[in-house]
Amino acid sequence: MIDKIKEYIGEAQAFSTQTPAELEAFRIKFLGSKGLLKEFFAEFKNVPNEQKKEFGQVINLLKTSAEEKVKSIQEALENKEESKGFYGDLTRSGEPVTIGSRHPISLVKNQIIDIFSNIGFNVSEGPEIEDDWHNFTALNLPEYHPARDMQDTFFIQTDPDILLRTHTSSVQVRYMENNKPPIRTISPGRVFRNEAVSSRSHCIFHQVEGLYIDKDVSFADLKQTLLHFTKEMFGKSKIRLRPSYFPFTEPSAEIDIYWGLKTETDYRITKGTGWLEIGGCGMVDPNVLKNCGIDPEEYTGFAFGMGIERIAMLNYQIGDIRMFYENDVRFLEQFKASI
Ligand code: DAH
């Protein structure tokens, strides 16, 4: 009997587990109300007197061994639980981070900047809240000029001289006032017009202005620059410059690209002609050069202006301009793959 108990002592001391369930099974086996110790204590009265002392010692040892084992494992398991609660499982892989996306207007703007910076244009900016001089007068649109009506302007009520710029051509003026030719610059930015909002037009939109001033700049340079741009941007190599009128350029033209008539969408966006207008351009009017402190006898130049939303709508097949400003993540998420 004593040998049997010694074996159990060995078993109890060697026991180890990671799970509370196994520990509980161990406790019940040794210390439970029908456990081994209960049995051995009950046996005590049947033990011959001369063995009682040794028997008493071994069952006490078995009892303390089992109790200590339960206590120490319990503590270890509790510590483990605690550390889990505090730090979480440190070996677990990290939470996936949701990555945002660039706005399609920024994507297109960056593409335009890339194309023009490759051929020597820098990027310039001007204020969105402008004065009359930079938005109109310096651009050959004096007060009461009928062409001012072409652009429905938001004025700042308290001061008729201050307005929200209606086009990025105002940056041309600022750039020429502050820089000497040769000038090669593009000016992307936000513009504002008091127009009814619909799927095709908005009161806030973006334009990119281009300006090239140097000696002997010709209309052929303008055409070649625009052709290079449309090839790079759209992969289209046929453009048309349709005579038009802008007060700040002479001669002036509207820029059309040949989009083609392959699909139903092509028919819709080109209104069945295959041609698509993307902006205006022309040779900078000598009056504008003079207004900005550049001698028109010495220098000539060209300018152009294009709508960025228009280009983004074509590139990404977006049917409604309002999508750009609604900040709907379901729309914005579609541009994740682009950079
Ligand atoms: N500023 C014109 C507009 O908003 C676009 C434009 C036309 C800009 C001809 C130019 C230009 O620089 O030469 O409608």
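Which residue's side chain meets that of arginine 174 in a salt bridge? In this predicted model, the partner of arginine 174 is glutamate 130, and the N to O distance of the salt bridge is 2.6 Å. Arginine 174 belongs to helix H7 (residues 169-178) and glutamate 130 to strand E2 (residues 129-131), so the pair links distant parts of the chain, 44 residues apart. Arginine 174 has a relative accessibility of 25% and counts as partly exposed. Glutamate 130, with a relative accessible area of 1%, is buried, because the cut-off for a buried residue is under 20%.

Helix H7 also holds glutamine 172. At 2% relative accessibility, glutamine 172 counts as buried. When neighbours within four places in sequence are left aside, glutamine 172 is in contact with Leu139, Glu209, Leu211 and Ala303.

The whole structure contains 14 salt bridges. One of them joins the side chains of glutamate 298 and lysine 215, with an N to O distance of 3.4 Å. Glutamate 298 is located in the loop between helix H10 (286-291) and strand E10 (300-307), while lysine 215 is located in the loop between strand E6 (204-214) and helix H8 (219-234); the pair therefore ties together parts that are 83 residues apart in sequence. Both residues fall between the limits for buried and exposed, under 20% and over 50%. The relative accessible area of glutamate 298 is 39%, which makes this residue partly exposed. Lysine 215 is likewise partly exposed, with a value of 44%.

A further salt bridge is found between glutamate 254 and arginine 242, whose closest N and O atoms are 4.0 Å apart. Glutamate 254 is part of strand E8 (residues 249-258) and arginine 242 is part of strand E7 (residues 239-246), so this pair ties together parts that are 12 residues apart in sequence. Glutamate 254 counts as buried at 17% relative accessibility, whereas arginine 242 counts as partly exposed at 29%. Arginine 242 and glutamate 254 also belong to a network in which salt bridges with shared partners join Arg240, Arg242, Glu254, Asp256 and Glu277.

Strand E8 is also the place of glutamate 250. Apart from residues up to four places away in sequence, glutamate 250 touches Met283 and Asp285. Between glutamate 250 and glycine 120, the C-alpha to C-alpha distance is 24 Å, and the separation in sequence is 130 residues.

Pockets were examined next. The second largest pocket has a volume of about 170 Å³. The lining of this pocket consists of His103, Ile105, Ser106, Lys109, Glu125, Gly126, Glu128, Arg165, Pro188, Gly189, Arg190 and His206. At least two of the lining residues are supplied by helix H5 (104-117), and at least two by strand E5 (183-192). By residue class, the lining of the second largest pocket divides into two nonpolar, five polar and five charged residues.

At the level of the whole protein, the division is into domain 1, covering residues 2-87, and domain 2, covering residues 104-338. The centres of domain 1 and domain 2, taken over C-alpha atoms, are separated by 87 Å.

Note on methods. Residues numbered from 1 in each chain as written. Predicted model: local features only at pLDDT ≥ 70, side-chain atom pairs only at ≥ 80, totals over all residues. Heavy atoms only, no water. Helix = DSSP H or I, 4+ residues; strand = E, 2+ residues; numbered from the N terminus. Buried < 20%, exposed > 50% of the residue type's maximum accessible area, 1.4 Å probe, protein only. Domains from an automatic or database assignment. Contact = heavy atoms within 4.5 Å. 1 Å grid on protein atoms, 1.4 Å probe; cavity = no way out; pocket = protein on both sides within 12 Å on 5 of 7 lines; lining within 4 Å. Points joined across faces, edges and corners; volume = space filled by probe spheres on them. Nonpolar A, V, L, I, M, F, W, Y, C, P; charged D, E, K, R; others polar.
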